[in-house]
Amino acid sequence: MGKHRLLFLTSQLPYPPVSGGTIKSWRLLEHLSRSFEVTLFTVLKGMDASNYSSLSNKVALGRASKGFPIDRARTPLNFLRSLVVSPTLNVFRNSSADLSLAMRNALENNDVILVDHLEMANYVPTPSPLPMALHQHNAEFIMWKRSTAVAKNSAERIVLALEAARVKRFEGRSCQRADIVFAAPNDQTELEGLGVAKDKFRTTYHLGDDSALAAPQLQYTDTRNTLMYVGTLSWPANSDGLLWFLREVWPGLKSAHADLHFDILGQGAGDDLKMAVDKLQDVQLHGFVEDLEPFYRKSRAFVAPLRFGSGTKVKVVTAMYRGIPCVTTSIGVEGISLVEGVDVHVCDSATSMHERIELLLTDRLAWESMRDASRQKALSDLSWDSMLENHARDLHVLAASRN
(Lines give C-alpha, C1' and ligand atoms only; values in the text may rest on other atoms or scores of the structure.)
Protein backbone atom coordinates (compact mmCIF):
# COMPACT_ATOMS: atom_id res chain seq x y z
CA MET A 1 0.00 0.00 0.00
CA GLY A 2 1.34 3.48 -0.92
CA LYS A 3 1.62 6.57 1.18
CA HIS A 4 -1.46 8.36 2.44
CA ARG A 5 -2.32 11.44 0.38
CA LEU A 6 -2.54 14.76 2.23
CA LEU A 7 -3.96 18.04 0.93
CA PHE A 8 -2.10 20.88 2.66
CA LEU A 9 -4.14 24.08 2.40
CA THR A 10 -2.49 27.31 3.59
CA SER A 11 -3.03 31.06 3.30
CA GLN A 12 0.66 31.85 3.72
CA LEU A 13 3.44 30.51 1.51
CA PRO A 14 5.66 28.68 4.02
CA TYR A 15 8.91 29.76 2.37
CA PRO A 16 11.24 31.34 3.15
CA PRO A 17 10.63 30.43 6.82
CA VAL A 18 11.40 33.83 8.32
CA SER A 19 8.42 34.60 10.57
CA GLY A 20 6.64 32.67 13.29
CA GLY A 21 3.81 31.41 11.10
CA THR A 22 6.00 30.47 8.15
CA ILE A 23 8.57 28.68 10.32
CA LYS A 24 5.84 26.49 11.82
CA SER A 25 4.15 25.80 8.48
CA TRP A 26 7.48 25.05 6.80
CA ARG A 27 8.55 22.58 9.46
CA LEU A 28 5.15 20.86 9.26
CA LEU A 29 5.24 20.68 5.46
CA GLU A 30 8.82 19.45 5.37
CA HIS A 31 8.16 16.74 7.96
CA LEU A 32 4.85 15.55 6.52
CA SER A 33 6.29 15.27 3.01
CA ARG A 34 8.48 12.40 4.24
CA SER A 35 5.55 10.09 5.00
CA PHE A 36 2.67 11.51 2.92
CA GLU A 37 2.11 12.32 -0.72
CA VAL A 38 1.50 16.04 -0.21
CA THR A 39 -0.48 18.32 -2.49
CA LEU A 40 0.11 21.93 -1.48
CA PHE A 41 -2.41 24.67 -2.26
CA THR A 42 -1.10 28.01 -1.07
CA VAL A 43 -2.10 31.64 -1.42
CA LEU A 44 0.61 33.83 -2.98
CA LYS A 45 0.94 37.44 -1.88
CA GLY A 46 3.40 40.13 -2.84
CA MET A 47 6.74 38.55 -3.82
CA ASP A 48 5.61 35.00 -3.00
CA ALA A 49 5.44 33.92 -6.65
CA SER A 50 9.22 34.19 -6.95
CA ASN A 51 9.67 32.06 -3.80
CA TYR A 52 7.22 29.32 -4.79
CA SER A 53 9.66 27.60 -7.15
CA SER A 54 12.34 27.67 -4.44
CA LEU A 55 9.99 25.87 -2.04
CA SER A 56 9.10 23.21 -4.61
CA ASN A 57 12.81 22.50 -5.11
CA LYS A 58 13.34 21.87 -1.39
CA VAL A 59 10.46 19.54 -0.55
CA ALA A 60 8.70 16.73 -2.42
CA LEU A 61 5.25 17.89 -3.55
CA GLY A 62 2.53 16.27 -5.65
CA ARG A 63 2.16 17.38 -9.28
CA ALA A 64 -1.19 19.03 -8.56
CA SER A 65 0.42 21.46 -6.08
CA LYS A 66 -0.13 25.07 -6.99
CA GLY A 67 0.11 28.65 -5.76
CA PHE A 68 -2.82 31.04 -6.21
CA PRO A 69 -2.08 34.78 -6.45
CA ILE A 70 -4.42 36.66 -4.09
CA ASP A 71 -3.40 40.03 -2.67
CA ARG A 72 -6.22 41.92 -0.96
CA ALA A 73 -5.09 44.42 1.63
CA ARG A 74 -6.62 44.94 5.05
CA THR A 75 -8.52 48.12 4.12
CA PRO A 76 -11.83 49.70 5.19
CA LEU A 77 -13.31 49.03 1.73
CA ASN A 78 -12.39 45.36 1.85
CA PHE A 79 -13.84 45.13 5.34
CA LEU A 80 -17.16 46.48 4.04
CA ARG A 81 -17.06 44.05 1.12
CA SER A 82 -16.41 41.17 3.48
CA LEU A 83 -19.53 42.02 5.47
CA VAL A 84 -21.58 41.22 2.37
CA VAL A 85 -19.87 38.13 0.94
CA SER A 86 -17.68 36.45 3.61
CA PRO A 87 -17.90 35.28 7.22
CA THR A 88 -14.74 37.24 8.14
CA LEU A 89 -12.35 39.79 6.67
CA ASN A 90 -9.51 37.27 6.42
CA VAL A 91 -11.72 34.77 4.61
CA PHE A 92 -12.54 37.50 2.06
CA ARG A 93 -8.89 38.52 1.72
CA ASN A 94 -7.93 34.92 0.89
CA SER A 95 -10.85 33.97 -1.35
CA SER A 96 -10.31 32.77 -4.92
CA ALA A 97 -12.60 31.15 -7.47
CA ASP A 98 -9.60 29.36 -8.98
CA LEU A 99 -8.58 27.91 -5.64
CA SER A 100 -12.16 26.83 -4.93
CA LEU A 101 -12.28 24.95 -8.23
CA ALA A 102 -8.91 23.31 -7.63
CA MET A 103 -10.06 22.32 -4.17
CA ARG A 104 -13.19 20.60 -5.49
CA ASN A 105 -11.14 18.68 -8.05
CA ALA A 106 -8.55 17.62 -5.47
CA LEU A 107 -10.95 16.12 -2.93
CA GLU A 108 -11.31 12.78 -4.69
CA ASN A 109 -7.53 12.40 -5.03
CA ASN A 110 -6.59 12.79 -1.35
CA ASP A 111 -7.17 11.00 1.95
CA VAL A 112 -7.01 13.84 4.50
CA ILE A 113 -7.02 17.65 4.56
CA LEU A 114 -4.75 19.77 6.73
CA VAL A 115 -6.10 23.33 6.97
CA ASP A 116 -3.22 25.61 7.91
CA HIS A 117 -4.63 28.95 9.16
CA LEU A 118 -8.28 29.36 10.14
CA GLU A 119 -9.43 31.39 7.11
CA MET A 120 -8.70 28.45 4.77
CA ALA A 121 -11.36 26.30 6.47
CA ASN A 122 -13.90 28.11 4.29
CA TYR A 123 -12.61 26.13 1.29
CA VAL A 124 -13.59 22.80 2.84
CA PRO A 125 -17.19 21.85 1.94
CA THR A 126 -19.76 21.05 4.62
CA PRO A 127 -20.03 18.17 5.11
CA SER A 128 -16.49 17.32 4.05
CA PRO A 129 -15.94 14.12 2.04
CA LEU A 130 -12.50 13.86 3.68
CA PRO A 131 -11.42 14.00 7.33
CA MET A 132 -10.08 17.43 8.22
CA ALA A 133 -7.43 18.63 10.65
CA LEU A 134 -7.38 22.33 11.50
CA HIS A 135 -4.06 23.88 12.48
CA GLN A 136 -4.82 26.86 14.71
CA HIS A 137 -1.85 29.23 14.65
CA ASN A 138 -3.71 31.24 17.30
CA ALA A 139 -7.12 31.51 18.88
CA GLU A 140 -7.95 34.16 16.30
CA PHE A 141 -11.00 35.65 18.00
CA ILE A 142 -8.93 36.39 21.10
CA MET A 143 -6.42 38.35 19.05
CA TRP A 144 -9.18 40.46 17.51
CA LYS A 145 -10.87 40.94 20.87
CA ARG A 146 -7.65 42.10 22.52
CA SER A 147 -6.91 44.49 19.70
CA THR A 148 -9.96 46.55 20.69
CA ALA A 149 -8.15 47.58 23.88
CA VAL A 150 -5.47 49.40 21.90
CA ALA A 151 -7.75 50.90 19.22
CA LYS A 152 -6.89 54.47 18.26
CA ASN A 153 -10.46 55.77 18.44
CA SER A 154 -14.05 54.72 19.06
CA ALA A 155 -14.76 54.05 15.37
CA GLU A 156 -11.83 51.66 15.12
CA ARG A 157 -12.89 50.02 18.38
CA ILE A 158 -16.39 49.35 17.01
CA VAL A 159 -14.99 47.83 13.80
CA LEU A 160 -12.57 45.60 15.70
CA ALA A 161 -15.27 44.45 18.10
CA LEU A 162 -17.55 43.59 15.17
CA GLU A 163 -14.80 41.60 13.47
CA ALA A 164 -13.94 39.84 16.74
CA ALA A 165 -17.54 38.67 16.98
CA ARG A 166 -17.56 37.46 13.37
CA VAL A 167 -14.27 35.60 13.81
CA LYS A 168 -15.56 34.04 17.02
CA ARG A 169 -18.58 32.58 15.22
CA PHE A 170 -16.57 31.33 12.26
CA GLU A 171 -13.79 29.93 14.45
CA GLY A 172 -16.23 28.06 16.65
CA ARG A 173 -17.99 26.48 13.65
CA SER A 174 -14.71 25.59 11.94
CA CYS A 175 -13.21 23.92 15.01
CA GLN A 176 -16.43 22.05 15.76
CA ARG A 177 -16.58 20.50 12.30
CA ALA A 178 -12.88 19.61 12.19
CA ASP A 179 -11.98 16.06 13.17
CA ILE A 180 -8.93 17.23 15.11
CA VAL A 181 -7.61 20.67 16.03
CA PHE A 182 -3.91 21.40 16.54
CA ALA A 183 -3.65 24.23 19.09
CA ALA A 184 -1.44 25.48 21.91
CA PRO A 185 -2.69 24.76 25.46
CA ASN A 186 -3.77 28.35 26.18
CA ASP A 187 -5.64 28.51 22.86
CA GLN A 188 -7.34 25.19 23.60
CA THR A 189 -8.82 26.70 26.74
CA GLU A 190 -10.24 29.65 24.78
CA LEU A 191 -11.61 27.41 22.02
CA GLU A 192 -13.26 25.07 24.50
CA GLY A 193 -15.29 28.11 25.53
CA LEU A 194 -16.70 28.16 21.99
CA GLY A 195 -18.09 24.67 22.44
CA VAL A 196 -15.22 22.73 20.87
CA ALA A 197 -14.96 19.23 22.37
CA LYS A 198 -11.82 18.71 24.41
CA ASP A 199 -11.03 15.36 22.78
CA LYS A 200 -10.56 17.05 19.39
CA PHE A 201 -7.46 18.91 20.51
CA ARG A 202 -3.88 17.87 19.82
CA THR A 203 -1.28 20.01 21.52
CA THR A 204 1.09 21.97 19.32
CA TYR A 205 3.50 24.84 19.80
CA HIS A 206 4.94 27.53 17.58
CA LEU A 207 8.62 27.01 18.07
CA GLY A 208 11.45 28.74 16.25
CA ASP A 209 14.57 28.14 14.21
CA ASP A 210 16.24 25.62 16.50
CA SER A 211 19.37 25.54 14.33
CA ALA A 212 20.35 28.51 16.53
CA LEU A 213 20.99 26.02 19.34
CA ALA A 214 24.10 24.87 17.45
CA ALA A 215 25.53 28.40 17.19
CA PRO A 216 28.43 29.40 19.49
CA GLN A 217 27.62 30.86 22.90
CA LEU A 218 27.09 34.60 22.85
CA GLN A 219 29.57 36.64 24.89
CA TYR A 220 28.73 39.78 26.85
CA THR A 221 32.06 41.35 25.90
CA ASP A 222 31.24 41.01 22.20
CA THR A 223 27.94 42.86 22.52
CA ARG A 224 27.25 46.58 22.38
CA ASN A 225 24.62 48.80 23.88
CA THR A 226 22.21 47.61 21.21
CA LEU A 227 18.68 46.23 21.32
CA MET A 228 17.17 44.12 18.55
CA TYR A 229 13.72 43.11 17.39
CA VAL A 230 12.70 40.59 14.69
CA GLY A 231 9.17 40.18 13.36
CA THR A 232 6.78 40.65 10.48
CA LEU A 233 6.07 44.36 10.75
CA SER A 234 2.85 44.27 8.74
CA TRP A 235 1.29 42.17 11.52
CA PRO A 236 -0.79 44.63 13.61
CA ALA A 237 0.28 43.22 16.99
CA ASN A 238 3.96 43.65 16.08
CA SER A 239 3.69 47.19 14.76
CA ASP A 240 1.48 48.26 17.69
CA GLY A 241 3.97 46.92 20.24
CA LEU A 242 6.90 48.63 18.57
CA LEU A 243 5.11 51.97 18.37
CA TRP A 244 4.29 51.72 22.07
CA PHE A 245 7.91 50.84 22.90
CA LEU A 246 9.32 53.71 20.84
CA ARG A 247 6.89 56.13 22.48
CA GLU A 248 6.95 54.95 26.10
CA VAL A 249 10.22 53.09 26.74
CA TRP A 250 12.88 54.10 24.24
CA PRO A 251 13.17 57.82 25.17
CA GLY A 252 14.10 57.06 28.77
CA LEU A 253 16.61 54.39 27.79
CA LYS A 254 18.22 56.64 25.18
CA SER A 255 18.47 59.47 27.68
CA ALA A 256 20.35 57.20 30.09
CA HIS A 257 22.58 55.66 27.40
CA ALA A 258 23.66 58.07 24.69
CA ASP A 259 25.32 55.26 22.71
CA LEU A 260 22.23 53.00 22.69
CA HIS A 261 21.03 51.66 19.32
CA PHE A 262 17.89 49.76 18.33
CA ASP A 263 17.83 47.49 15.26
CA ILE A 264 14.36 46.55 13.96
CA LEU A 265 14.43 43.64 11.52
CA GLY A 266 11.49 42.46 9.41
CA GLN A 267 9.51 43.27 6.32
CA GLY A 268 6.26 45.15 5.92
CA ALA A 269 6.74 48.29 8.03
CA GLY A 270 3.77 50.63 7.66
CA ASP A 271 3.85 54.40 7.38
CA ASP A 272 3.15 54.93 11.11
CA LEU A 273 6.19 52.91 12.10
CA LYS A 274 8.41 54.45 9.43
CA MET A 275 7.47 57.97 10.55
CA ALA A 276 8.06 57.11 14.21
CA VAL A 277 11.52 55.71 13.45
CA ASP A 278 12.45 58.69 11.26
CA LYS A 279 11.96 60.99 14.24
CA LEU A 280 14.32 59.06 16.52
CA GLN A 281 18.08 58.91 16.71
CA ASP A 282 19.87 55.53 16.47
CA VAL A 283 16.74 53.50 15.66
CA GLN A 284 16.96 51.73 12.31
CA LEU A 285 14.53 49.74 10.17
CA HIS A 286 16.54 47.10 8.30
CA GLY A 287 13.72 45.35 6.42
CA PHE A 288 14.07 41.64 5.75
CA VAL A 289 17.48 40.30 6.80
CA GLU A 290 18.39 36.78 5.75
CA ASP A 291 21.28 36.29 8.20
CA LEU A 292 20.38 37.35 11.74
CA GLU A 293 23.59 36.09 13.31
CA PRO A 294 25.57 39.38 13.15
CA PHE A 295 22.70 41.12 14.96
CA TYR A 296 22.46 38.44 17.65
CA ARG A 297 26.20 38.65 18.29
CA LYS A 298 26.32 42.41 18.76
CA SER A 299 23.02 42.96 20.63
CA ARG A 300 22.74 43.12 24.41
CA ALA A 301 19.02 42.26 24.55
CA PHE A 302 16.07 41.15 22.43
CA VAL A 303 12.78 43.01 22.96
CA ALA A 304 9.27 41.78 22.13
CA PRO A 305 6.87 44.47 23.44
CA LEU A 306 3.56 42.82 22.49
CA ARG A 307 0.33 44.27 23.85
CA PHE A 308 -2.13 41.89 22.17
CA GLY A 309 -2.14 38.66 20.20
CA SER A 310 -2.51 34.99 21.09
CA GLY A 311 -0.55 31.77 20.80
CA THR A 312 3.14 31.05 21.28
CA LYS A 313 5.44 33.84 20.09
CA VAL A 314 8.14 32.34 17.89
CA LYS A 315 10.35 35.41 18.10
CA VAL A 316 10.70 34.84 21.86
CA VAL A 317 11.45 31.13 21.48
CA THR A 318 14.04 31.79 18.77
CA ALA A 319 15.78 34.36 20.98
CA MET A 320 15.96 31.68 23.68
CA TYR A 321 17.49 29.19 21.21
CA ARG A 322 20.20 31.70 20.47
CA GLY A 323 20.71 32.58 24.13
CA ILE A 324 20.12 36.33 23.83
CA PRO A 325 18.35 37.66 26.94
CA CYS A 326 14.79 38.66 26.10
CA VAL A 327 12.48 41.31 27.55
CA THR A 328 8.83 40.84 26.64
CA THR A 329 5.30 41.08 28.03
CA SER A 330 2.85 38.57 29.48
CA ILE A 331 1.35 38.32 25.97
CA GLY A 332 4.82 37.44 24.66
CA VAL A 333 5.13 34.34 26.85
CA GLU A 334 1.64 32.92 26.44
CA GLY A 335 1.55 29.22 25.73
CA ILE A 336 4.97 28.36 27.18
CA SER A 337 5.96 27.83 30.79
CA LEU A 338 8.81 30.22 31.61
CA VAL A 339 10.18 31.59 34.87
CA GLU A 340 10.13 35.39 34.99
CA GLY A 341 13.55 36.83 35.75
CA VAL A 342 15.25 33.52 35.01
CA ASP A 343 14.34 32.44 31.47
CA VAL A 344 13.06 35.85 30.29
CA HIS A 345 12.00 39.19 31.74
CA VAL A 346 8.21 39.73 31.62
CA CYS A 347 7.09 43.36 31.88
CA ASP A 348 3.68 44.88 31.22
CA SER A 349 4.48 48.50 32.03
CA ALA A 350 6.91 50.94 30.47
CA THR A 351 8.60 51.46 33.84
CA SER A 352 9.29 47.79 34.48
CA MET A 353 10.45 47.23 30.90
CA HIS A 354 12.88 50.11 31.23
CA GLU A 355 14.23 48.66 34.48
CA ARG A 356 14.74 45.12 33.10
CA ILE A 357 16.46 46.36 29.95
CA GLU A 358 18.64 48.62 32.09
CA LEU A 359 19.67 45.58 34.14
CA LEU A 360 20.71 43.64 31.03
CA LEU A 361 22.59 46.62 29.62
CA THR A 362 24.69 47.10 32.75
CA ASP A 363 24.90 43.84 34.76
CA ARG A 364 27.12 41.23 33.13
CA LEU A 365 26.34 38.49 35.67
CA ALA A 366 22.58 38.95 35.28
CA TRP A 367 23.01 38.91 31.49
CA GLU A 368 25.06 35.70 31.50
CA SER A 369 22.66 33.98 33.90
CA MET A 370 19.68 34.63 31.63
CA ARG A 371 21.66 33.66 28.53
CA ASP A 372 22.43 30.25 30.01
CA ALA A 373 19.01 29.61 31.58
CA SER A 374 17.01 30.57 28.50
CA ARG A 375 19.08 28.42 26.17
CA GLN A 376 18.91 25.40 28.46
CA LYS A 377 15.14 25.78 28.78
CA ALA A 378 14.76 25.91 24.99
CA LEU A 379 16.99 22.88 24.51
CA SER A 380 15.19 20.73 27.07
CA ASP A 381 11.53 21.71 26.56
CA LEU A 382 11.06 23.38 23.17
CA SER A 383 12.26 20.94 20.48
CA TRP A 384 10.56 20.16 17.16
CA ASP A 385 11.16 16.47 16.48
CA SER A 386 8.83 14.72 18.89
CA MET A 387 6.00 17.22 18.33
CA LEU A 388 6.09 16.89 14.54
CA GLU A 389 6.16 13.10 14.72
CA ASN A 390 3.04 13.17 16.91
CA HIS A 391 1.29 15.40 14.36
CA ALA A 392 2.20 13.06 11.49
CA ARG A 393 0.87 10.07 13.45
CA ASP A 394 -2.42 11.85 14.17
CA LEU A 395 -2.86 12.68 10.47
CA HIS A 396 -2.11 9.11 9.39
CA VAL A 397 -4.80 7.86 11.80
CA LEU A 398 -7.24 10.36 10.26
CA ALA A 399 -6.31 9.34 6.72
CA ALA A 400 -6.75 5.66 7.58
CA SER A 401 -10.22 6.35 9.00
CA ARG A 402 -11.45 7.19 5.51
CA ASN A 403 -11.08 3.57 4.39
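In which loop does P129 lie? In this predicted model, for which local features need pLDDT of at least 70 and side-chain atom pairs count only at pLDDT 80 or more, totals for chains, interfaces and linings use all residues. Residues are numbered from 1 along each chain as its sequence is written, and side-chain values use heavy atoms, with hydrogens and water left out. P129 lies in the loop between β4 and β5; helices (H or I, at least four residues) and strands (E, at least two) are DSSP runs, numbered from the N terminus. Apart from its neighbours within four places in sequence, P129 is in contact (heavy atoms within 4.5 Å) with L107 and R402.

A cis peptide bond with an omega of about -5 degrees joins T126 and P127. H117 is found in the loop between β4 and β5 as well. H117 is not a glycine, yet its phi is positive, at about 90 degrees. With a relative accessible area of 10%, H117 is buried, where buried means under 20% relative accessible area, exposed over 50%, and partly exposed in between (1.4 Å probe, protein chains only).

Y15 and P16 are joined by a cis peptide bond whose omega is about 0 degrees, and P16 is found in the loop between β1 (4–10) and α1 (20–32). D282 has a positive phi of about 65 degrees and is not a glycine. This residue, D282, is found in the loop between α11 (271–278) and β10 (283–287). D282 is partly exposed, its relative accessible area being 24%.

The overall dimensions of the chain were considered next. The protein chain has 16 helices and 13 strands. For 403 residues, a compact globule would have a radius of gyration near 22 Å, and the value of 21 Å for the protein chain agrees with this; the radius is taken over C-alpha atoms, and the globule rule is 2.2 Å times the number of residues to the power 0.38. The C-alpha trace spans about 65 × 50 × 40 Å along its principal axes. Of the 403 residues, 54% count as buried. The accessible surface of the protein chain comes to about 17200 Å², and 51% of this belongs to carbon and sulfur atoms; accessible areas come from the Shrake-Rupley method with a 1.4 Å probe, and for residues only the protein chains shown count as cover. Among contacts between residues at least 6 apart in sequence, 71% join residues at least 24 apart.

Two packed helices are described by the angle between their axes and the distance between the axes. The axes of helix α3 (residues 76–85) and helix α7 (residues 154–177) come within 12 Å and cross at roughly 35 degrees. Axes are lines fitted to C-alpha atoms, for helices over the stretch in contact, and angles run from 0 to 180 degrees between N-to-C directions. The contact is made by F79, S82 and L83 of α3 together with V159, L162, E163 and R166 of α7. These residues divide into four nonpolar, one polar and two charged; Ala, Val, Leu, Ile, Met, Phe, Trp, Tyr, Cys and Pro count as nonpolar, Asp, Glu, Lys and Arg as charged, and the others, Gly among them, as polar.

Helix α7 also contains S174. S174 is buried, with a relative accessible area of 2%. Not counting residues up to four places away in sequence, S174 touches L118, A121, M132 and L134. The C-alpha atoms of S174 and T318, 144 residues apart along the chain, are separated by 30 Å.

Two further buried positions were examined. L360 is placed in helix α14 (residues 350–362) and counts as buried at 1% relative accessibility. When residues up to four places away in sequence are not counted, L360 touches Y220, R300, A301, P325, V327, H345 and W367. S96 lies in the loop between α4 (89–93) and α5 (97–106) and counts as buried at 14% relative accessibility. With residues up to four places away again not counted, S96 touches I70 and Y123.
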